[in-house]
Amino acid sequence: MTTIRREVLTLPAASLGPDNPLPPLRPLDEAHRIDDRDRAGLPRDMARQVDHEPLRSLLPVMVRDGYDRTRRARELDALVIENDRLRATVLPALGGRIASLRHKPSDRELLYVNPVLQPANFALNGAWFSGGIEWNIGATGHTTLSCSPVHAARVPAPDGGEMLRLWEWERLRDLPFQVDLWLPDGSDFLYVGVRVRNPHERPVPTYWWSNVAVPEERRVLAPADEAYHFGYERRLRRVPVPEYDGVDRTYPLNSTYAADYFYDVPDGRRRWIAALDEHGHGLAQTSTDVLRGRKLFVWGTGPGGRRWQEWLTEPGTGGYCEIQAGLARTQLEHVGLDPESEVSWLEAYGPLEARPDGDWHTVLRGAEERLEAALPRADVDTAYEAWRAHADSEPGERLADGSGWGALEVLRADLKLPGTPFDASTLGEEQEPWLHLLRTGTLPEGGPHEPPGPTLVARPWRDMLETTAATPLAEYHLGIAQWHAGDRAQAVRSWERGLVGAAERWPLLRCLAAADQAGGHPERAAEQYAEAFDDLCAHRPDAADAADEEDEAGGEDEAGGDDRWTAVAAALGREAIGALLAAGRTADARAVWERLDPATRDRGRFKLAEGELLAAEGRTEEARALFEAGFEVTDLREGDESIGALWARLGDEPLPARHDFRMRPDGD
């Protein structure tokens with residue numbers, strides 16, 4: 001019989017730390033955008049979906065950049081679903097990630113299992129980690145829920161046993177979703193039923209890619225003769241499969257640079273992808289036809305790709321590639337979801353044994369025959385229909401709690417979402433002021449010397465902010481909602497109104513500074529940032545107050561003792577230094593740097609900022625000494641070339657290998 005139980009997984013893990021307390025007002029730095037030259041000749045549905053409401057902002061989600069690279073043994077709550085053939089280990093506090101999928105008869109792990117938990121800046125909002133199977137919803141990229149909790153509970157399964165249900169409210173698009181995992185008795189395949197719902201009276205763009213990490217010493221098979229190649233030079237090219245540029249790219253280690261290969265699976269063909277080792281053992285993923293896309297991601301063998309592989313785990317533990325399945329042909333696209341509708345499908349994951357080497361079509365035919373014998377396509381369709389009858393079943397025993405944002409939205413709109421209850425009991429401190437606004441029409445003022453919390457930006461909340469009392473805090477939140485809606489002039493007016501009578505001006509000044517940056521006014525932005533940082537320093541509790549708060553909280557927190565004011569100062573100081581340097585105000589940038597906490601200045605991101613400062617001051621040798629001493633920019637973004645750009649300003653020597661994270665060929 002299938003069982004679901006709790007376990008504790010202990011492994012070396014870095015702290016996630018606090019979220020960035022500043023609302024993300026800058027345009028989204030998203031790599032999945034294509035050159036206009038590559039749009040010509042795309043299939044009509046694909047061309048339409050590439051332009052379909054791409055994400056422009058992270059709001060209302062906050063950036064997660066407070067993590068570090070100091071790993072120690074930590075206990076992670078896990079949920080294990082198991083039958084006599086498979087054992088799946090799920091991490092409900094980390095997006096519902098399947099950390100391991102082990103085939104018991106062969107005693108083989110089917111996934112790439114990362115031996116550590118090391119956050120890195122790959123999710124849309126920052127913190128993400130590699131390994132296992134992740135559920136990506138929202139917009140192009142790794143989900144903002146990568147390192148966030150989801151709800152989990154037991155649910156009756158179609159075969160009379162139990163399913164593990166995971167569900168959450170995706171905040172970028174305001175869409176509830178669920179992932180149901182179950183193992184029929186005697187099955188070698190884990191079934192995964194997925195449903196995304198649009199409860200609104202308006203269409204909403206949606207996105208889904210199931211992302212599977214597997215060891216890179218594999219050959220990846222998918223039923224296609226062509227693929228769309230997309231690299232970090234941001235060009236989309238249609239290329240043949242398996243060979244492109246004289247190299248068989250279905251072997252991940254045959255590529256030099258990081259790249260995506262989106263396989264063009266013909267209509268009517270079974271949807272599947274597999275990764276097999278040299279002996280023909282590996283993992284297969286298949287699904288009902290709604291999940292049409294299939295993809296291979298490779299890091300490549302170049303120095304940048306190898307460095308990223310080391311960065312995400314322990315050196316010497318082996319690399320990985322990713323095989324994926326999504327709603328569209330590519331991850332450049334969003335699919336429209338009609339008002340008050342839903343989209344659902346069924347996936348299956350299990351072992352496959354087939355010959356990996358040889359003629360492409362012969363290999364595909366053999367693998368497809370073995371897959372059909374192990375799990376007939378008709379059985380997947382039948383399992384989907386059986387699951388749909390249970391998708392609305394109310395959860396039984398609760399196994400984990402997610403966020404309270406779904407509960408807030410359910411209360412606001414009086415939503416009925418059978419199968420995925422967002423209970424009021426999950427409402428917490430972050431939702432409290434918004435619940436007060438919903439019930440009373442007023443937004444409560446925060447406590448003295450308290451940074452403002454997260455902002456809600458959807459139209460109903462914006463409407464409430466427009467009609468509540470025009471306090472400085474309300475004007476701050478209203479301006480952010482207006483900024484998100486594209487009404488930038490009105491946002492600036494709201495922030496300027498909020499300054500009148502504001503006891504603490506720095507949150508509003510920072511918003512105005514960001515607006516000036518976006519509007520092409522670097523001098524004015526620099527001035528606003530300098531004033532904002534001065535105001536923050538004037539109002540920040542002194543060290544004694546901070547120590548008292550820490551004692552009351554029971555000592556050091558997961559961020560190593562940093563309180564929220566340290567996080568605010570670091571975030572605002574980082575932005576201010578960049579703006580002041582861009583405006584040529586090097587001395588003022590240095591003044592901000594010197595007022596940061598010593599522990600903040602020791603972080604790798606701020607060592608890089610110090611290098612920029614030293615270079616601007618003409619102190620080249622001192623800047624080079626920072627590189628020689630060594631530093632790690634913990635939240636370096638994929639594709640970010642700022643380290644290499646600074647090094648190039650300091651001399652002609654090649655970039656040291658430890659700082660080489662380049663994801664594309666030189667000159668592209």
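This is a predicted model: local features need pLDDT of at least 70, side-chain atom pairs count only at pLDDT 80 or more; totals for chains, interfaces and linings use all residues.
# Notebook: sheet, cores and backbone details

Strands here are DSSP runs of E with at least two residues, helices are runs of H or I with at least four residues, and both are numbered from the N terminus. Two strands count as paired if DSSP finds at least two bridges between them.

Residues are numbered from 1 along each chain as its sequence is written, and side-chain values use heavy atoms, with hydrogens and water left out.

**Entry on strands β12 and β26.** I found strand β12 (residues 190-198) paired with strand β26 (residues 341-353) in the antiparallel sense over 9 bridges. Within this pair, glycine 193 stands opposite leucine 346 of β26.

**Entry on confidence.** The protein averages a pLDDT of 93, and 96% of the residues score at least 70; pLDDT is the predictor's confidence in each residue, from 0 to 100. Over residues 543-562 I found a pLDDT below 50, and this stretch has 15 contacts in the model beyond near neighbours in sequence.

**Entry on the cores.** I looked up the largest nonpolar core, which has 84 residues, with Trp135, Leu181, Trp208 and Tyr263 making the most contacts inside it. Such a core is a set of buried Ala, Val, Leu, Ile, Met, Phe, Trp, Tyr and Cys residues joined through side-chain atoms within 4.5 Å. Buried means under 20% relative accessible area, exposed over 50%, and partly exposed in between (1.4 Å probe, protein chains only). Strand β26 gives the largest share of this core, 6 residues. A second, separate core of 57 residues includes Trp461, Leu465, Leu509 and Leu613.

**Entry on helix α17.** In α17 (residues 620-629) I listed Ala623, Arg624, Leu626 and Phe627 as the buried residues. They lie on the same side of α17 because they cover an arc of only 145° around the axis, the arc being that of the directions from the helix axis to the C-beta atoms. These buried residues pack against α16 (604-616) and α18 (642-650). The face turned away carries the exposed residues Glu621, Glu628 and Ala629. Glycine 630 follows α17 and has a positive phi, near 95°.

**Entry on backbone exceptions.** Most residues other than glycine have a negative phi, and most peptide bonds are trans. I found a cis bond from leucine 59 to proline 60, with omega near 10°. Another cis bond runs from valine 241 to proline 242, with omega near 15°. Glutamate 53 has a positive phi of about 45° and is partly exposed, with a relative accessible area of 43%.

Definitions and conventions. Contact means heavy atoms within 4.5 Å.
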